[in-house]
Amino acid sequence: MAYAAFRSIGAYVPSKILSNEDLSKMVDTSDEWIFKRTGIKERRIAGKNEFTSEMAVCAAELAIKRSGINKNNIDMVVCATISPDYFCMPSTATIISTKLGLGNVTAFDISAACTGFVYILSIAKAFIESGMKKNILIIGAEKLSSITDYTDRGTCILFGDGAGAAMICATDNKEEAIIDIHTGADGTYADLLMTPNGGSGSMHDSLDQEAASCFMQMKGNETFKVAVRTLTKDVVEILETNNIDSSEIKYFIPHQANYRIIKAVGDALKLKKEQVVLTVQKYGNTSGASIPMAINDIYESGSLKSGDLMLLDAFGGGLTWGSALVPYSPLK
Ligand code: ACO
């Protein structure tokens with residue numbers, strides 16, 4: 001049987017910084033309020049002509065190089081994004097594949113908001129275990145600034161841009177294998193976090209309303225409560241199912257939405273500070289890109305070692321959620 005190994009990571013962060021101070025000149029807010037309620041100090045913003053696919057390509061090039069896999073052997077590309085280059089078509093994954101010069105690949109996008117990376121990890125695992133594909137490039141990439149309303153202080157303080165990519169490859173060594181992935185969704189809460197327009201369910205007729213409702217809208221406080229409840233339940237379940245104690249986790253890498261959410265889940269699992277990976281202070285919430293960007297941070301700091309067990313945990317619009325138990329398994 002083929003197993004799926006998490007071989008490598010890469011990320012791209014735009015150079016422009018949008019600080020809390022900058023935002024306090026745009027909306028009625030303050031550095032103190034934002035930091036206290038979210039843990040965010042600053043976030044990155046992509047350039048006007050810097051599309052999601054371009055950030056994705058930079059992240060992917062690093063992941064491919066670090067994997068040791070020849071790019072001609074990549075047989076699938078999956079991109080998780082809610083801010084694609086083009087809504088509907090072409091998919092961002094097809095653009096990325098062509099920009100990378102990949103030949104004969106299957107390529108598609110998925111939409112699972114902030115849970116996107118955990119969803120594409122599960123897709124890659126399933127394709128590899130079924131024997132259909134061998135070397136899959138997965139990418140979480142977001143230009144959230146393109147769908148953020150910078151007059152809404154309830155959302156614009158949270159989001160940033162960036163991309164992260166990973167190579168997931170077939171192995172016959174069970175020790176290297178991704179252990180388990182759980183994913184879930186509940187459309188009952190669809191209205192907590194949505195972009196109301198731009199699809200066949202569009203609610204408005206007038207152009208002005210249409211333009212405004214293409215931006216993200218969120219019931220932040222209700223989302224917060226569901227996030228803490230769901231994320232905690234999800235990680236407790238995946239650890240119990242696999243008979244793994246939280247002390248065996250080297251790195252807990254949650255979706256970086258809000259420091260208070262991360263702390264609540266970390267405390268519930270009795271995790272030590274050094275087990276919890278935090279990047280929310282410098283990147284804000286980059287949705288599907290946040291988990292691979294955080295993994296890349298520990299990789300580039302030299303802390304991520306072969307065999308380290310990572311616990312991923314995400315929650316986002318849909319509502320969607322997911323968790324994964326993943327050993328870091330670079331080619332030896
Ligand atoms: N600056 C100052 N005051 C503010 C701001 C701001 N930026 N935003 C809201 N306020 C005010 C509100 O108007 C409210 O004022 P009132 O009491 O006079 O009515 C007060 O602050 C409290 O507002 P709440 O919304 O209750 O604040 P809360 O503590 O919940 O923090 C936040 C808001 C940061 C948005 C939080 O709810 C949160 O992080 N929610 C979860 C986000 C999340 O996890 N999303 C899912 C993933 S995202 C994705 O999938 C794309």
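**Strand pairing**

In which sense, parallel or antiparallel, do S1 and strand S7 (residues 161-171) pair, and over how many bridges? S1 and S7 pair in the antiparallel sense over nine bridges; strands count as paired if DSSP finds at least two bridges between them. Ala4 stands opposite Ala170 in S7.

**Basis of the model**

The model is predicted: local features need pLDDT of at least 70, side-chain atom pairs count only at pLDDT 80 or more, and totals for chains, interfaces and linings use all residues. Residues are numbered from 1 along each chain as its sequence is written, and side-chain values use heavy atoms, without hydrogens and water.

**The sheet and its helices**

An open sheet with mixed pairing is formed by five strands in the order S1-S7-S6-S4-S5. Strands are DSSP runs (E, at least two residues), as are helices (H or I, at least four), numbered from the N terminus. Because S1 (3-12) and S5 (106-110) stand at the edges with a single partner strand each, one side of each lacks a neighbour in the sheet.

H5 lies across S1, S4 (76-80), S5, S6 (135-143) and S7, running at about 165 degrees to S6. Axes are lines fitted to C-alpha atoms, for helices over the stretch in contact, with angles from 0 to 180 degrees between N-to-C directions. Helix H10 (residues 290-300) packs on the sheet, touching S1 and S7.

Note on methods
Contact = heavy atoms within 4.5 Å.
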